[in-house]
Amino acid sequence: MIGLNHRTAPLEIREKISFPEEGLVRCLETLQDLSSLTEGLILSTCNRVEIYAATRDPERGVEEIKGFLAQQHHLHLLEFESTLYALQGEEVVRHIFRVASSLDSMVVGEPQILGQLKEAYRTARTTRTTGTLLNRLLHRAFSVAKRVRTETSIGDRAVSVSFVAVELAKKIFGHLEGREVLIIGAGEMCELAAQHLVRGGVKGVTVTNRTWERAMGLAEKFNGEAIPFAEFPNSLLRVDIVISSTSSPDYILRKKEVSKTIRERKNRPLFFIDIAVPRDIDPQVNSVDNVYLYDIDDLQEVAETNIKGRQQEAQRAEEIVATEMEKFCRWYQSLEVVPTIVSLRERLEKIRKRELEKTLSSIPQLSEKERMALEALTVAIVKKILHSPITFLKETSQDSEGELYVDVVKKLFKLKEE
Amino acid sequence: MNILFFKITLALYLGGTIAYLIYLLSSQERAAWAGRLLLGLGFVSHCLTLVMRYIEAGHTPVVNLHESLSFFAWAIVGFFLLLRYRYRMDVLGAFISPLALLLVIWAATLPKEILPLPPSLRSYWLPIHVTFAFLGDAIFALAFCAGVTYLIQERLVKSKRIGPLSQRLPSLEVLDEINYRSLTIGFPLLTVGIITGAIWAEYAWGSYWSWDPKETWSLITWLLYAALLHQRLTVGWRGKKAAIMAIVGFGAVLFTFLGVNLLLEGLHSYDGWFR
């Protein structure tokens, strides 16, 4: 595996070296044509470019892939060679398991990378550049990622302020479908938070601002409605979530008004997100029943605890990766041709001996000579039968399909993996 | 036979409770799965216990305290399994299974012999009255658990401690909905329980209502839930207040069921209780 990522390469390099989706198939074919490689896969995201390949000659493989990277992007290898990392054997297994489980991501636990890896694999598979080894490796990587996701809580913690807001809204309202949000002020933060809420299912967006044009502008973006600033207290009866970020030096909402609103709402809960500095909403409001108020510091604090929690979970995830890596390596070693041939011989020898003994014990009157003849006969039969499969295995062990045949032979003869 | 199944039930509920508590503390999906499985198997075994005992006793086994506690726990677990099927919510199991377990453990410490039915109870009203009363009580037990969970979650959200625990607990909205649903199902059941009791009392004791302590306390319970239902529907009581009311209401349920027999003398006191 050869690659570069957000830690090793600066953005300028990552911008230059990437494989856009359109040309990916052609690139994969070029990669496949490299003489030393038997299988290949290209993972290209905005934070990493990695080429996974199977080869009989690792040293040459690495050189060829480096050359391939340079040639594909019309760069001189020296320009970026220092940002590359090359991994082999077990290290590749660990690496891809960690990538798939989002342990190697910039934001640990983010879910996109798994989808990107699956996409990269699908493309490589349809282009037929993957074989037994990469197929197995990728499938294991996906199942490791699934294990990490279900057995640790690494993925289900919101680490950005807007995501925290959405998570909180879900904790209060269950689901967001059909809920309405009121935006007071029209800052960028407001917009971002509202965007997340809308993506989460919030339906109605109402915007109010002291400047009418800005309210209109933001309302249009969300297909929402703009209302004059003076009228916003009325809409508190209708909406469920309020995001506020005005530049008002004073509180625009106080406990008394909110208590009254809540009574008129028949206690339907209200969730205030106050991201203004200085704050727009009197912190006392939080003490009203069925009202929940979070200011920017609260949100940030939740986000930070979540990040800490993720780090702890990451530890557990690493353990899963380690055990799975061991399993995979055991499987890989079992792919070797020679042990397979040995155990194939042993298996047939065992069968021969057992059957021969049965026959001999049922005909005790045989002479020593006749016994020897029978023994020689069975040995010859087994040898003849085994001759061509073993020759075939030895011949194909150098090909890309070698492992496949080894696998098939093992399954056909039920040879145990030790 | 019924005693054997009862013991199996107890063991399974114990396992289920432990698994669910582990789930609450660790959020391991496998623990929730185990809790569900054990509690489900426990419920099946509990059903068998009741059927066996019915066959062996020849009457609905809700006559002495052992039987009543066992039946109550059975109804609670049954409703929880239905609820979990509807809302896919395992975390509530961590609150409900300990309750059911406690009831079953208590039942286990009591004399379990089948006693001959007192003549006054020999009536087809026995299963009808008692079943409605207990089903209502079991639903209120669910509302109680949802109420406790609501208060915990509300506390966490209000005080801004959004940690792993809050992540695992259901949303406030869902908990409040369970509160409301329980009320709309439990209240009619309780009402029918009281009415059938009154009709039976007319047959058995010659009077619909004789201010026996059990009757008085079920009336108090009924009034509490009626008040909560009324407030919900008119003023829109919900959330914390409704949760607290559900907890208080369940306190009244427990007192009507147990306290009255333990502390007060009355027509509902029969042999086999508390000996």
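Trainee: What makes residues of chain B and chain A part of the contact, and how many are there?
Mentor: Contact means heavy atoms within 4.5 Å, and the contact takes 29 residues from chain A and 27 from chain B. This is a predicted model, in which local features need pLDDT of at least 70, side-chain atom pairs count only at pLDDT 80 or more, and totals for chains, interfaces and linings use all residues. Residues are numbered from 1 along each chain as its sequence is written, chains are lettered from A in the order in which they are written, and side-chain values use heavy atoms, with hydrogens and water left out.

Trainee: What area is buried between chain B and chain A?
Mentor: About 2,200 Å², with carbon and sulfur atoms giving 43%. Buried area is the accessible area (1.4 Å probe) that two parts lose on being put together, summed over both.

Trainee: Why is the pair Asp298(A) and Lys160(B) called a salt bridge?
Mentor: The term requires a side-chain nitrogen of Lys or Arg within 4 Å of a carboxyl oxygen of Asp or Glu. In this pair the closest N and O atoms are 2.8 Å apart, so the pair qualifies. Across the interface of chain B and chain A the rule finds 4 salt bridges.

Trainee: Which element of chain B supplies the largest share of the side that touches chain A?
Mentor: H5(B), with 6 residues. Helices here are DSSP runs (H or I, at least four residues), numbered from the N terminus.

Trainee: How many cavities does a search of the whole structure find, and what makes a space a cavity?
Mentor: The search finds 3 of 30 Å³ or more. On a 1 Å grid over the protein atoms alone, a cavity is a set of points where a 1.4 Å probe fits but cannot get out; lining residues have an atom within 4 Å of a point. A volume is the space filled by probe spheres set on the points, which are joined across faces, edges and corners.

Trainee: Which residues line the second largest cavity?
Mentor: Among them are Tyr292(A), Asn290(A), Tyr150(B) and Asp176(B). The second largest cavity holds about 50 Å³ of space, and H7(B) gives the most to its lining, with 3 residues.

Notes: Helices (H or I, at least four residues) and strands (E, at least two) are DSSP runs, numbered from the N terminus. On a 1 Å grid over the protein atoms alone, a cavity is a set of points where a 1.4 Å probe fits but cannot get out, and a pocket is an open set with protein on both sides within 12 Å along at least five of seven lines; lining residues have an atom within 4 Å of a point.
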